[in-house]
Amino acid sequence: MSHDAKVLTRDELRRRVEHWRNAGERVILANGCFDLLHVGHIRYLRAAKELGGRLVVAINSDESVRTLKGAGRPLMPDTERAEILAALEDVDAIVIFSESDVRALIREIRPNVHAKGTDYTADSVPERDEVIACGGRVAIVGDPKDHSASSFIANLRGQKDR
């Protein structure tokens, strides 16, 4: 599958998920900004894929990254972040979302599992109630949150000031 074929609109994603489900496959949803791809992201996505099924990655739009992270973010436009993630073997589909969280997307695709990183607990995932209402479960995956784009960016900016 080409990288372009992995980056989908919401309508295309709904159809793709329906096709996967009809083929008996499970759907796993992971989400984030993915502003500066680092090893923590790779470990998170690989662990999500290892749950077994098709991995859908929802990427925050540029506007929602600015709301979450502040001025100067994102470093890369959402279309480029999506293209980078599409190059990863573990990722089966990507969608860009503009809402503050993925509740609406959860209602649309009803993932079997919503995978979140280790900066959450199963009880603290904001969309937990929506996942359960849609018949899915939450899984905490990846390595300890020792890596973050925000800290890398702060370090880089600090080095430039010296």
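Buried means under 20% relative accessible area, exposed over 50%, and partly exposed in between, with a 1.4 Å probe and protein chains only. This is a predicted model, where local features need pLDDT of at least 70, side-chain atom pairs count only at pLDDT 80 or more, and totals for chains, interfaces and linings use all residues. Residues are numbered from 1 along each chain as its sequence is written, and side-chain values use heavy atoms, with hydrogens and water left out.

View 1. Helices (H or I, at least four residues) and strands (E, at least two) are DSSP runs, numbered from the N terminus. From that end, the elements run α-β-α-β-α-β-α-α-β-α-β-α-β-α. The chain has 162 residues, and 44% of them are buried. Its accessible surface is about 8,300 Å², with 48% belonging to carbon and sulfur atoms. Such areas come from the Shrake-Rupley method with a 1.4 Å probe; for residues, only the protein chains shown count as cover.

**View 2. An open sheet is formed by 6 strands.** Their order is S1-S4-S3-S2-S5-S6, and the pairing is parallel. Strands S1 (7-8) and S6 (137-140) are the edges, each pairing on one side only. Two strands pair if DSSP finds at least two bridges between them. In general, strands of a sheet pair through backbone hydrogen bonds, either parallel or antiparallel.

**View 3. Strand S3 (residues 54-60) is largely enclosed by the rest of the structure, because 6 of its 7 residues are buried.** Strand S2 (residues 27-32) runs parallel to S3, joined by 6 bridges. Val 27 stands opposite Arg 54. Gly 32 stands opposite Ile 59. Strand S4 (residues 93-97) also runs parallel to S3, with 5 bridges between them. Here Val 57 has Ile 94 as its bridge partner.

**View 4. S2, helix H3 (residues 39-49) and S3 build a right-handed β-α-β unit.** What does right-handed mean for a crossover? With the strands pointing away from the viewer, the path from the first strand over the helix to the second runs clockwise.

**View 5. Phe 34 and Tyr 44 are both buried.** The chain's count of aromatic pairs is 1. The ring centres of Phe 34 and Tyr 44 lie 6.4 Å apart and the planes meet at 15°, so the pair is stacked. Phe 34 sits in the loop between S2 and H3, while Tyr 44 is in helix H3, 10 residues apart. Rings of Phe, Tyr and Trp (its six-membered ring) pair if their centres lie within 6.5 Å; planes under 30 degrees apart count as stacked, over 60 as edge-to-face and the rest as tilted.

**View 6. Asp 92 lies in the loop between helix H5 (78-86) and S4.** Asp 92 has 10% relative accessibility, so it counts as buried. Its side chain makes a polar contact with the side chain of Arg 54, at 3.4 Å. A polar atom of the Asp 92 side chain also lies 2.7 Å from the backbone nitrogen of Leu 55. A polar contact is a pair of N or O atoms within 3.5 Å; within protein, one must be able to donate a hydrogen and the other to accept it, and residues adjacent in sequence count only if both atoms are side-chain atoms.

**View 7. Ala 115 belongs to strand S5 (residues 113-116).** Ala 115 has 0% relative accessibility, so it counts as buried. Leaving out residues up to four places away in sequence, Ala 115 touches several others, including Ile 28, Tyr 44 and Val 141. Contact means heavy atoms within 4.5 Å.
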